[in-house]
Amino acid sequence: MGNNKEIEVVKGVDLERYMGRWYEIASFPSFFQPNNGENTRATYTLNSDGTVHVLNETWNKGKKNSIEGSAYKANPKSDEAKLKVKFYVPPFLPIIPVTGDYWILYLDEDYQYVLIGGPTTKYLWILSRKTHLDDEIYNQLIEKAKEQGYDVTKLHKTPQTDPPPPEQEGPQPKGIWSLFGK
């Protein structure tokens with residue numbers, strides 16, 4: 001689906017309110033996420049320097065994969081919610097930085113669900129504070145993605161269990177997410 005108009009992003013996001021746990025409700029399959037992931041979630045923590053610590057986790061056949069990175073404003077002087085996210089791969093030998101775009105295309109006023117994309121219509125995520133979204137809200141987000149030129153037929157719903165997998169205590173094995181996640 002062609003799109004000649006510029007993708008619009010949210011302005012004036014309160015990063016402190018945005019921090020915390022988000023569950024992936026649906027996404028476009030991408031080469032850097034493990035196939036057939038379940039209970040996929042992201043946890044964001046604001047760092048003292050204004051950057052954001054990112055922890056992405058997913059489960060595949062009962063095994064947890066995770067990757068950590070950082071996010072920062074693409075243009076610190078802009079109030080647009082255009083972030084860059086940087087991960088190091090492979091995670092157990094952090095030598096190669098991989099940077100991607102994280103644009104907030106829509107965010108509800110209560111910071112409970114969000115539509116994430118980038119400068120192209122190649123990637124799309126629907127995230128929620130809860131493991132499931134009401135169909136009405138999901139469909140509203142689908143319409144917003146269509147308005148931005150996204151081919152929503154490529155969306156894949158992410159299986160989420162209720163309750164989600166528990167937090168694990170102690171040191172975590174580094175998962176092989178990203179280029180090695182297939």
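View 1. A pocket is an open set of points on a 1 Å grid over the protein atoms alone, where a 1.4 Å probe fits, with protein on both sides within 12 Å along at least five of seven lines; lining residues have an atom within 4 Å of a point. In this predicted model, local features need pLDDT of at least 70 and side-chain atom pairs pLDDT 80 or more, whereas totals for chains, interfaces and linings use all residues. Residues are numbered from 1 along each chain as its sequence is written, and side-chain values use heavy atoms, without hydrogens and water. The second largest pocket holds about 230 Å³ of space (filled by probe spheres set on points joined across faces, edges and corners). Its lining comprises 14 residues, with Pro29, Pro34, Asn36, Gly37 and His156 nearest the centre.

**View 2. The salt bridge between Arg41 and Glu57.** The two side chains meet at 2.9 Å, N to O (cut-off: Lys or Arg side-chain nitrogen within 4 Å of an Asp or Glu carboxyl oxygen). Arg41 in strand S2 and Glu57 in strand S3 are 16 residues apart, so the pair links distant parts of the chain (strands are DSSP E runs of at least two residues, helices H or I runs of at least four, numbered from the N terminus). Both Arg41 and Glu57 are buried (under 20% relative accessible area; exposed is over 50%, partly exposed in between; 1.4 Å probe, protein chains only).

**View 3. The salt bridge between Glu80 and Lys82.** These side chains meet at 3.4 Å, N to O. Glu80 is partly exposed at 24% relative accessibility, whereas Lys82 is buried at 17%.

**View 4. The salt bridge between Lys146 and Glu143.** This pair meets at 3.2 Å, N to O, within helix H2 (residues 135-147), three residues apart. Lys146 is partly exposed at 40%, as is Glu143 at 39%.
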